Structures are given as C-alpha cells and as structure tokens.
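Hi everyone, thanks for coming. Let's bring the model up on the screen and walk through it together.

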Amino acid sequence: MTEILSFNQVTFSYTPEVPEVRNAVEDVTFTVNEGEWVAIVGHNGSGKSTLAKLMSGLLFPNNGEVRIMRDVLTEENLWEMRSHIGMVFQNPDNQFVGATVQDDVAFSLENNGVPYKEMVERVHQSLQQVKMEKFLDHEPHHLSGGQKQRVAIAGALAMQPKILILDEATSMLDPLGREEVLQTVQSLREKTGLTVLSITHDLEEAMLADHVLFMNEGKKYAEGTPEKIFALGDKLVDLGLDLPFAMKMTKLLQAQGVQLVGQHITEEELVNDLWTSNFNK
Amino acid sequence: MDIKLQQVSYAYAKGTPFEKYALFDVNVAITSGTYQAIIGHTGSGKSTILQHFNGLLKPSKGQVHIGDRIIEADKKAKELKPIRQKVGIVFQFPEHQLFEETVLKDIMFGPMNFGIPKEEAERRARELVQLVGLPEEVLEKSPFDLSGGQMRRVAIAGVLAMEPEVLVLDEPTAGLDPRGQKEIMDMFYTLHKERGLTTILVTHSMEDAARYADEIVIMHEGRSVMTGTPRELFNDTEALKQYRLELPRIVKFQRRIEKMLGIKLPKVCLTEEELAAEVALVVKGREQT
Amino acid sequence: MMEKMIFGRYIPGDSFVHRLDPRSKLLFVFAFIVIVFLANNTITYVLLLAFTIGVILLSRIRLYFLINGLKPVIFLMIFTFLIHILFTREGTVLIDWGFLKVYEEGLKQGIFISIRFLVLVFMTSVLTLTTSPISITDGVETLLGPFKKVKLPVHELALMMSISLRFIPTLMDETDKIMKAQMARGSDLSAGSLKDRLKAVVPLLVPLFVSAFKRAEDLATAMEVRGYRGGEGRTRYRQLKWDVSDTLAIASLVVMAVLLVYFRN
C-alpha cells in the first residue's frame, strides 16, 4: 500500500500563548493510503476543519508532522505539495474564481504554468469527468450549488492530484445537490481509483468511506471501518452526531419488544434480520 | 391568523425584456394554528412564495390575504409594518442579518422597530436567549465572536422577539450538524404547540415535513401542484416521482419491510417511533396465532 | 435586483460586432470618442450619425437597450440643447416671442451637440452590450501589457477587476437578501427623516461588509490552495485572436476620420 497522506502526532493551537485554551487539534495520527476513501467525522467545532487547513499547508503544526507522498510538508516544498492535492470547500460561491466554468477549471493550471494547448485538453477532460462539459461558458450565478461543486471538483482534477479532499463540500447543498456531488465522487473512484478524504458531519456520506476517523474536541476519538465506528451507538449521539437510520430503527424495534439479533447499520441487514428472527419460523 | 394566496403569479423584472415568472397561479390556504410545510426543490418558487407572506413582495397577479389584510396586484400596499410584526420570517442562514455590537441589542432591534418599549424588548431578549439554548452571558458579547451555530440561535431569537403570530421558516437548519438540526427543529415545534403559533416551514427535507407538518404543499416549477396531509401525499409515490421528490426515508423503509414480509401496514408511518410500534403489532399478532 | 441594471449590461449574441476581438473594440471606441470632436458642420455630423447607425445595425442590438442607455444622460442632453438654443445669437431669427428669440445657428448647434451625445452614448453602449465584462478585462490587460515595464501591476489590476465582476451578482443577491431580512424585522429604508434613513442603512451595511470579508477570506484560501502566487510564471487560458475583421473595423474608423477631416470646415 502506498501512503498518500499522513499525520504523525500532530498538535495545533490557534493561541499557543494561552495554555488554558484547549488545542484545536491534539496528538492526531492517521494515514491515508492510495485508493482509499477516508472520512473524518465530528460535530462542528471538533477540529475537523483545522485538520483540513493543516493538510493544505494553510496552517503548520506546533508539534508533529504532516506528510504528503511521504514527504514532510514544509514552507519550502509547500507549492509543490499543493499541486498534489485537490481541495473542494464548503461554500460553493466562495471558491469559484473564474468568470465562467472553463475559466474556473483552468485557474490552477494557469497558476502552475501549464502550456495553453495542454490546458484546453485538461479543462475539457476534467469537465467531462464530472459531466459538466455542456456548461463551458456558463457563469457561476446561473449554476446550482451542486453544479458549482462539480466544477470545483473538475478544477481540482485538472491538476491530476493524488488525493481529493472534500472539506464539508456537501453541507451547504440541498438533497439533490448532495446526491449529485456524492455520485460524481463515487463514479470517479470507480473509474480512476482516486484517493478521497472527506470531512463531514453527514453520516450517510461517512458510510461510503472505507475508513472513518471520528474527531471530538480536537482529539481522535475513534478510528476504523464505518461498521466499527457506528457500533459506538449512543456515544455518537452524545458527541453531537446522529445514528445511522437502520441503527435507530433497530433500537426502536427492540424497545417495542421485536426480536432482533444485534445492531444493524444498513437497512438490508435490518430487514433480513426482521424476517429471519420473526417471520421465518 | 389565516393566510391565503389566491391565484398568485409573480414576475421578477416585470416590464423589462428580462421579465421572468417565478410563480404561476399559486393557491395556498393556511389555517391559523397549523404547521404547514412547503416542499420543493431549489428553483421551485418556494422562496418567492415565502416573501409574499409578509408583503416583502407584492403579487404580479392575484391576491394575498394576511389575516384581514389583502395585498393585491395593481394596488399600492400601505402600512405593511403591522403585518411584518405579526408574520416573522427566519430566512435561510439568518445569522447573516446580525449587525449590532452586542447580542442583546441585536435581539432588541426587531421589537424596537415596532415601537415596543426598551424595557420590554430587553425582557424579551433575556427570556429568548435561554429559550434558544444559549447562556445569558452571551447577551453582552458581540454576535461576531460566537460560533456559527450560536449566531444562528441569536438570529432566531431576534425574530421571535417580535412575538409574531405566524412564524415562517426557510430551511432553518441548513448547514448545522445533526445535533444542532434536531435541537432547532424541536424548539420550533415546542413553540408552535405552546404558543399556538401558525408555523410555515419552507424546506426540501421530506423527513422534517413528515415529522412535523399537519399539511404539505408541494411546489414544482412555480406552481403549487399537490396539497394534503403527509399521510395522503406520501401514499402517492408515483406523483411525487413526477416532481423529482423522494419519499421520506421512513416511508421508503416501510415499503421495503412491507415488500419483504409480504404485509401491508394499516397506515403510512411518519416517524421511526410510529413505524416501530406498527411493526411490533404485526409481530405480536403473528405470535398469538 | 440585478434585473434593474439594464444599462451597460452584456447581451450575448453572435453578430459581427460580438465576434470582434475586445482589443479592437476598445481601440475603436477610444478612437471614435476622439474623432467625434472633428465634426463641425452638417455633412460631418450626418456622416457620424450614419456611421453609428451602421455599427448598431451590424451589432443587431435591440433598440430598447440603446434607448435605456440614454436614460442617465437624457437630462444633460436636453439641458445643453436648451442652452445652445437660448444663448446663441447668430444667423436669422426663427422664432421671436419678444422675450425669447431662437436663432438659426442656435438651433443648429443644439442639434449638433445632441447628435454628439447620442453617438457617444450609443457607441459606448454597443461596446458594453456586445462584449462580456471579462473580455473587456482581457482586452484592457493585453492593451496595458507594455506598461508592465514601468511597474504597473497590470496582472493584479486585471485579476481584481475580473474577481469584482464575478462577485457583483453574488453581492447583489446578498444585498437583496439582507435588506429583506431587516425589513422583515421592521427596519424601514424608505420612510422618516434623512437621519432615520441613514441610521437604517447600518443594519444593511454591517452584514454586507461582514459577509464580503468572509467571502474574500474564503476566496483567498481557495486561490492559495489552488496554487495562486501572483502573476509570475502563469500561463493564460484566455487567448485573444486578432482577425481580418478586427483590422477591417479599425480601417473603417481610419476612413471615417479621413472623411471627417476632409469635409469639416
């Protein structure tokens, strides 16, 4: 397995001179390997946005190190490292730099001095990947939130990054927009095996991941497969998140005296259990 | 206070080459004291409708009845202030409207505009800040020093401080984390019940509409296409599909169980609790036979 | 909100004028503004008017938009027209009402000055109506290119302009939303004394600034993460292309200038 991104005992404080204030990120260690989809979950204020700033070199750790492609991220190699990561932020409006869709996708290519001919090719190709090729000349205020986020993904893809980071990229979208963006990311993964790191408080989004990192008060509270994380049950609710739908249902059914074997994360499992434990007798 | 839209059409940039209708012939009747949901996708016209409820927009055609006031096309609407006091609107991302130096002053802004004495406005602010789940200390802080979720609560308190009879909510939980969403929605529901408010929830969340609303209007491409109680509407899967709306998750799950177990539950369940109870009844019924 | 701003708004199209390079259009309009002042008799003014009408026809712009462009200057036009009519005392008297005499020369000068206004407003409107703001920015950036040598931050200026243009609709929407939100809280922008009204602007301006700064911060972050670090070493995605038609456009203007010089008094 090739390591793409890793945090090694990273600690960060916005106010290092005031020791009473808790660190925004404390002693966080994790690794993202090539081809993985990793989700970082936690309620607002759990430190997940700070993690995003640390991995893009907008902030540097007070302690520990951030590695991209096994190289420690420093002020010196910052710009080169940034060309390996593509980032999509929360607010669709505030990251749209270009006057039109194609200008926006070309922005990072222009910054990195890519020659004109190659730019045109890459812009078209990336827009095709997110199925926005018909919108080349559209202006941002004529696009929906979901479409803007797809353009932002295309802008990131144009640089052919090693990892795509979604920093709460779906939290301001309506259900259709969210669906649109998640489907785009899923199909990209199927076709190109892109490595994805998504920072989110949406559990449905986290369930799509291979690996989940659960943040609370700046610390890594738990880590593992979605199954393992959701097995925490009520602990999730106490720490500001929700339970997956199937788990909520399981609990309520058990409370009503319906026999079920264990906890269920997917509807599929729950329905099957309901059948075998109660009807298939 | 009853609110009624009769054959309301609304055009942006009326009389210019950019004229564009956002509403066509919309009919909505909201009875005093009900919890009404207006559902539709972005661009369905739901945010244009909501601005008709307190006279921020005047219909291009048709009539809007707000209590005993009538706002209609071609007539100048005068003295809208009394209406605006009775119909409070919590806009999407309401924290964007905060501007005062302190939270206290910001909450007092609304009531004082409507001529409520300072002492009374302050009393309301102190009461409401706790109601929305914030400690009293925040009153003296600048709203801009608060977290996003706290700012949202302050902005909501600022609308509640006008003590409106009708409360219009436009996606009030957008962008909040799951806990924040649930807390805010439950708070509005409690207020609705305790103070006998008329509540109008404009949303794209089928789940919230199923859980809280007495009646739902579905908007599609500027028209009000369906009206009914949640149970009525969610029974008609085909019609919803036509408007690119999905069933609420709970109803979808009910259908799945019904299919798998080869049963039909007596009613459409709108909450997880309700469904669990219904399923339990079936299971127990089987055990007895 | 945006809908009210018709004047100077870009109307997409595919006419000869639309397809011209923004550089040639900019040069054309600037040169035109200069040569307008060459006209000083009936024949030269008729030439100017005919030339302008020709350009308008080529641009296939609806008259509605051009007339709208006149609105802001109509008062000035009438005012200068009247000044000339009332205060020029040359030539034969056309009307004599005792206290008010209108001379032939006065009427002529009044009409000339109105034509001058008209062609200037129409030509600049044709430029903005047929060229997207971003193309104008590109044109300006390229035309100002040589000034980079004297340390004029041409790239930065152009980027500033294009980002402002990009955010105008967003901020207009935002203004509208905040205004509505405050009106719903009983704020009244249209009533009361001047002092009251000024006070009522505060609840509008503060949130607007807060949001604009927040947007600027987000945008700066996004730009930095996407590798923006100034104009150096950047390539350009927008390429301008000078065509035969651009040369023709400029040539037509030269011909016009020659004609004006020839026929003027």
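So, which residues of chain C does UniProt list as "transmembrane region"? The entry, an unreviewed one, gives 26-51, 63-87, 107-129 and 244-263. UniProt positions are in the numbering used here, feature names are shortened, and annotations may be inferred rather than shown by experiment.

Quick housekeeping: this is a predicted model, where local features need pLDDT of at least 70, side-chain atom pairs count only at pLDDT 80 or more, and totals for chains, interfaces and linings use all residues. Residues are numbered from 1 along each chain as its sequence is written, and chains are lettered from A and ligands numbered from 1 in the order in which they are written.

Back to chain C. Residues 107-129 are 100% helix, with end C-alpha atoms 32 Å apart; residues 63-87 are 88% helix, with ends 33 Å apart. Helices (H or I, at least four residues) and strands (E, at least two) are DSSP runs, numbered from the N terminus.

Now chain A. There's an open sheet of 6 strands, ordered S6-S7-S8-S3-S9-S10, with mixed pairing; two strands pair if DSSP finds at least two bridges between them. S6 (85-88) and S10 (219-224) each have a single partner strand, so one side of each has no neighbour in the sheet.

Inside that sheet, S3 (residues 37-41) and S8 (residues 195-200) of chain A run parallel, joined by 5 bridges. Have a look at A:Ala39, which stands opposite A:Ser198.

Finally, chain B: the unreviewed UniProt entry puts "domain: ABC transporter" on residues 3-246. That span is 34% helix and 26% strand.
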